[in-house]
Amino acid sequence: MVMERFRVVGGGRLSGDVRVTGAKNSVLKLMAAALLAEGTTVLEDVPDILDTAIMAELLRRLGCTVEHDRGRSSVSITVPAMPGHEADYDLVRRMRASICVLGPLLARCGQVSVARPGGDNIGSRPLDMHISGLQRLGATIETEHGNILASAPQGLAGATIWLDFPSVGATENILMAAVLAKGLTVIDNAAREPEIVDLCEMLASMGASISGAGTSTLEVEGVESLRPTRHVSVPDRIVAGTWAYAAAMTRGDVTVRNGRPEHLEIALDKLVTAGAQVERVLATDEAEGGFRVVMDRRPKAVDVVTLPFPGFATDLLPMVLAINSVAEGAAMVTENVFEARFMFVDELARLGADVRTDGHHCVVRGRQRLSGAPVTAHDIRAGAGLVVAGLVADGVTTVADAYHVDRGYPGFADQLQALGVEVTREPDPDALLAGE
Ligand code: EPZ
């Protein structure tokens, strides 16, 4: 594989319309949820990104037939009567979210072996709440040779489960196991993200009995079996938020079609505090609805604290650090979800940003402009944040390891060009030098 990088010429302003597809962080779980019913499930508005391709491959290795119609942005998943139950390391190490097959396979097959994903660049990311939740439903779980082995030969039984932290992944795995468990399951301190609501809506359309979606208490009455379905994914609020912050940083005017402002309330409110105008855009016969962001001045610095939904999304941390790096004044940004998310700061400092971290706090003193430099993406959101920061830097910025961004942003460079700025992709000579 030829390693690519983004080449960003600073100084442009974003202007025009951009559409967001379905959400990566929902679609991956919706694809796993298809395992819960024999037959063909069809998902629509599926983003054409690396992660959906990896999930499709994982499902194929579990005996499913998966067709990704890129033209129609739909994926059809045909699940056999008895799918496989081993998710092997070479796929799981490429995408942590593979762990979300644990719950559905345990519920459908009564046993499952999933390679234990390691940590990544944003944190150690333990799975203790996934495991203790499934154990409360009656599963026996061991870790052997790097695999999580879970079994429940007699089937699962409903229970009350309290999560120490409203973990998205743990809520999803427990939910997808509980829908086929005997009796009532209550998940307390559950995650409330729009992606959780989307998963609940899909499971309900498969015949599941769930109440409390979007609240901290989910109640699931188990059923005998589920049926395949057709479901349209919720829009990607993190990609939509990225466009909103990029528009504001470049003093632009962007309409984000299919973006849901109600999924980004705090993030958009911070942009208003920074000096932007943000308005909802209603759908017409000609165009989808969404929201519009216009900025006609230098942003003002904004303090932010990241929290689980409905708090400020941790996945937008790089965007708020980037906008504060060219804002008027200084800001304090606090990360409460992932302990290593500030790795991004060192790369931002290479662009001349005045950023200092202390534990999970970061102080950013705004500068008039950043200065272009070679930097490296260490994860999906950091990569997108660096490309956007390059837009407000003098000269050229190159962002290596573009593949990180491909995991979450379909056609990022093309969409940026369509909004009037100079961002291209090129083979990374430095990567080649490294014998890659
Ligand atoms: C999901 O990760 C998203 N990933 C993340 O997006 C997102 O940042 C995160 O939710 C929070 O919104 C996907 O949906 C694929 P968590 P997840 O379980 O499920 C700790 C992106 O860029 N924890 O809510 O892994 C954990 O370490 C990615 O798209 C435990 O301690 O997040 C973290 O500190 C990055 N034990 C916190 O909880 C557990 O058993 C939140 O994690 C589970 C989690």
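Here is a chat about the predicted model shown above.

Me: Before we start, what should I know about this model and its numbering?
Reply: The model is predicted, so local features need pLDDT of at least 70 and side-chain atom pairs count only at pLDDT 80 or more, while totals for chains, interfaces and linings use all residues. Residues are numbered from 1 along each chain as its sequence is written, and side-chain values use heavy atoms, with hydrogens and water left out.

Me: OK, which domains does the protein have?
Reply: The assignment gives domain 1 (4–20 + 235–433) and domain 2 (24–232). Those bounds come from an automatic or database domain assignment. Taken over C-alpha atoms, the centres of domain 1 and domain 2 are 30 Å apart.

Me: How many residues of each domain are in contact with the other?
Reply: It's 27 residues of domain 1 and 21 residues of domain 2. Contact here means heavy atoms within 4.5 Å.

Me: And how much area do domain 1 and domain 2 bury between them?
Reply: About 1900 Å², with 54% of it on carbon and sulfur atoms. Buried area is the accessible area (1.4 Å probe) that two parts lose on being put together, summed over both. On the domain 1 side, Phe309, Phe338 and Arg407 lose the most area to domain 2, together 30% of what that side buries.

Me: What about salt bridges across that interface?
Reply: The rule finds 3 salt bridges between domain 1 and domain 2. A salt bridge is a side-chain nitrogen of Lys or Arg within 4 Å of a carboxyl oxygen of Asp or Glu. There are also 9 residue pairs in polar contact between domain 1 and domain 2, both residues at pLDDT 80 or more. A polar contact is a pair of N or O atoms within 3.5 Å; within protein, one must be able to donate a hydrogen and the other to accept it, and residues adjacent in sequence count only if both atoms are side-chain atoms.

Me: Lysine 24 then: buried or exposed?
Reply: Lysine 24 is buried, at a relative accessible area of 8%. Buried means under 20% relative accessible area, exposed over 50%, and partly exposed in between (1.4 Å probe, protein chains only). Lysine 24 lies in helix α1 (residues 24–33). Helices (H or I, at least four residues) and strands (E, at least two) are DSSP runs, numbered from the N terminus.

Me: What does lysine 24 touch?
Reply: Not counting residues up to four places away in sequence, its contacts include Asp51, Asp236, Arg381 and Arg407.

Me: And what about asparagine 25?
Reply: Asparagine 25 is in helix α1 too, but it's partly exposed, with a relative accessible area of 22%. Leaving aside neighbours within four places in sequence, asparagine 25 is in contact with Glu172, Glu195, Asp315 and Arg381.

Me: You mentioned Asp51. Where is aspartate 51 found?
Reply: Aspartate 51 is in helix α2 (residues 50–61) and is buried, with a relative accessible area of 0%. Its side chain makes a polar contact of 2.7 Å with the side chain of arginine 407.

Me: Back to the listed sites: where do arginine 96 and valine 337 lie?
Reply: Arginine 96 lies in the loop between α3 (89–92) and α4 (102–109) and is buried at 15%. Valine 337 is in the loop between β19 (330–334) and α11 (343–350) and is partly exposed at 25%.

Me: How many salt bridges does the whole structure hold?
Reply: The structure holds 26 salt bridges. One of them joins the side chains of arginine 257 and aspartate 17 (2.7 Å, N to O).

Me: Why does that pair tie together separate parts?
Reply: Because arginine 257 lies in strand β15 (residues 253–257) and aspartate 17 in strand β2 (residues 15–19), parts that are 240 residues apart in sequence. Arginine 257 is buried at 18%, whereas aspartate 17 is partly exposed at 47%.
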